[in-house]
Amino acid sequence: MTDFKECKIEDIKELQELSRTTYLNSFCKILDENDVKAYISAKYSLENLRAELEDKTTRFLFLTFDNKKIGYMKYNHDSYKLNNSLDIDRIYLSDAYKGRGLGTRLLQKAESIAKNNNKSYLTLGVLMLNIPAVSFYEKNNFSVFGEENIIIGSNNYVLLHMMKNI
């Protein structure tokens, strides 16, 4: 049985472990290994996660399966790219739970939150070379509305900005 649980400051260690594991598994085969390590070290430090958890415009939700935390979503009530949208900043699932429709459950939860907050769009950013993720979002009615070059570690990558009308 799956459920959602709000992530609180006392969950920071579990959030850090889940974040590091899911990011590493998602990107170890498509990004430079040193870039992955640099990103994990900076983005998923306890200090950075604490600041994100204390930010009043940001929320984290765990996805649980039989009370085990198997994925999470970080969302912001405003997108820096598109007005009146809920921005999905991160969405990750443990590898063992992929392909079961649980990523779609996370997106459906984001859409429900957006509707309850009178938002018109969902937005997110995804690396162009993350083909499985781009395909997943396209299958869930997201479309590209922009792109930018970003630096991860010491390399440049293209980040696609995607949106969905709700």
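The model is predicted, so local features need pLDDT of at least 70 and side-chain atom pairs count only at pLDDT 80 or more, while totals for chains, interfaces and linings use all residues. Residues are numbered from 1 along each chain as its sequence is written, and side-chain values use heavy atoms, with hydrogens and water left out.

**Helix H1 against helix H2**

- Helix H1 (residues 12–27) and helix H2 (residues 33–43) pack at an angle of about 160°, their axes lying 10 Å apart.
- That makes H1 roughly antiparallel to H2, a term used for angles over 145 degrees.
- Axes here are lines fitted to C-alpha atoms, for helices over the stretch in contact, and angles run from 0 to 180 degrees between N-to-C directions.
- Helices are DSSP runs (H or I) of at least four residues and strands (E) are runs of at least two, numbered from the N terminus.
- On the H1 side, Arg 20, Tyr 23, Leu 24 and Phe 27 meet Val 36, Tyr 39 and Ile 40 of H2, contact meaning heavy atoms within 4.5 Å.
- By class, the contact of H1 with H2 has 6 nonpolar, no polar and 1 charged residues; Ala, Val, Leu, Ile, Met, Phe, Trp, Tyr, Cys and Pro count as nonpolar, Asp, Glu, Lys and Arg as charged, and the others, Gly among them, as polar.

**Helix H1 against helix H3**

- H1 also packs with helix H3 (residues 46–54), at an angle of about 115° and with the axes 10 Å apart.
- H1 and H3 are therefore roughly perpendicular to each other, the term for angles of 65 to 115 degrees.
- Ile 12, Lys 13, Leu 15 and Gln 16 in H1 meet Leu 46, Leu 49, Arg 50 and Leu 53 in H3.
- The residues of this contact of H1 with H3 divide into 5 nonpolar, 1 polar and 2 charged.

**Asn 48**

- Asn 48 has its place in helix H3 and, at 25% relative accessibility, counts as partly exposed, which is the class between buried (under 20% relative accessible area) and exposed (over 50%), with a 1.4 Å probe and protein chains only.
- Leaving aside neighbours within four places in sequence, Asn 48 is in contact with Ala 42 and Lys 43.

**Lys 119**

- Lys 119 is found in the loop between helix H4 (102–116) and strand E5 (121–127), and Lys 119 is buried, with a relative accessible area of 15%.
- The side chain of Lys 119 reaches the backbone oxygen of His 77 at 2.7 Å.

How values were computed: A polar contact is a pair of N or O atoms within 3.5 Å; within protein, one must be able to donate a hydrogen and the other to accept it, and residues adjacent in sequence count only if both atoms are side-chain atoms. Angles under 35 degrees count as roughly parallel, over 145 as roughly antiparallel, 65 to 115 as roughly perpendicular and the rest as oblique.
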